[in-house]
Amino acid sequence: MRLENTAAIVTGAASGLGAATAHALASRKVQVFGFDLPSAIERAAEIDGVTYVGVDVTDADQVAAAVATAASTDFPLRAAVNCAGIAPSMRILGKKGPHDLALYARVIQVNLVGTFNVLALAAAQIATAEPLEHGQRGAIVNTASIAAYEGQVGQAAYASSKGGVVGLTLPAARDLAQYGIRVNTIAPGIVETPMLATVSEEFRAGLAAGVPFPQRLARPDEYADLALFLLEHDYLNGEVVRMDGALRMAPR
């Protein structure tokens with residue numbers, strides 16, 4: 001699928017993986033609509049070709065309105081990349097007692113329900129686009145994590161949410177096949193994002209040392225390159241691609 005002169009949605013677009021993906025798409029002459037919380041957008045760097053839209057991905061009405069905005073340009077909406085997510089840590093049973101249920105529910109709501117919400121509502125609009133060769137209308141990329149497979153101590157909520165995204169991939173691809181919409185998922189390893197900005201260089205070096213090869217942290221632009229590849233490759237569908245340098249996470 002050619003991306004030039006189309007419109008695309010990127011969630012979590014104000015920073016990290018989302019910002020890198022929005023920038024990569026915009027550089028390919030895509031009209032990008034970057035969804036994120038208003039507070040995050042206030043701190044975001046301006047990117048030519050990216051229109052930021054303040055939206056909570058867990059709110060169906062807000063997402064529906066934002067998707068309608070993305071579909072209202074002269075370019076057909078053909079792509080969505082879900083990068084929005086949170087990653088708090090808490091043990092199921094810790095020194096302060098059992099895992100906070102509200103926190104667990106919040107992680108599931110943002111990472112899994114939010115992903116599904118944008119996927120479903122974006123798909124409804126993409127399905128109205130004129131079909132291309134072989135009936136293709138567009139593609140969606142979701143973001144899981146290697147924690148879906150090897151969640152560490154304290155990652156019960158996060159691993160649950162990302163495992164849900166992995167499990168969503170194939171049925172979503174099958175559901176949307178009749179509309180010519182492909183669905184794939186990226187499961188990144190440890191990526192150099194703002195979430196790691198507060199830790200020491202020594203700690204980051206320790207994380208990098210655990211990666212078999214290349215022995216470094218992944219870069220957001222590498223995620224963006226893979227996301228664009230998945231959007232463009234017409235025969236990749238229903239797949240979860242690990243981007244982790246062959247890392248397999250230890251228990252802690």
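Contact is taken here to mean heavy atoms within 4.5 Å. The structure described is a predicted model.

On this criterion, and with neighbours within four places in sequence left aside, I186 touches V141, N142, T143, A144 and S145, together with Y223, L226, A227, L230, V241 and M243. Both I186 and Y223 are listed, with L25, V32, V81 and L231, as the residues with the most contacts inside the largest nonpolar core, a set of 31 residues. At least two residues of this core are supplied by each of β1 (7-11), α1, β4 (77-81), β7 (138-143) and α8 (220-232). Helix α8 provides the largest share, namely seven residues.

Helix α1, spanning residues 16-26, is mostly covered, with 10 of its 11 residues buried. The buried positions in α1 run from G16, L17, G18, A19 and A20 through T21 and A22 to A24, L25 and A26.

The side chain of E150 is joined to that of R242 by a polar contact of 3.0 Å. Beyond its neighbours within four places in sequence, E150 is in contact with R242 and also with Q155, L247, R248 and M249.

Key. Residues numbered from 1 in each chain as written. Predicted model: local features only at pLDDT ≥ 70, side-chain atom pairs only at ≥ 80, totals over all residues. Heavy atoms only, no water. Polar contact = N/O pair within 3.5 Å; in protein donor to acceptor, adjacent residues only side chain to side chain. Buried < 20%, exposed > 50% of the residue type's maximum accessible area, 1.4 Å probe, protein only. Helix = DSSP H or I, 4+ residues; strand = E, 2+ residues; numbered from the N terminus. Core = buried A, V, L, I, M, F, W, Y, C linked by side-chain atoms within 4.5 Å.
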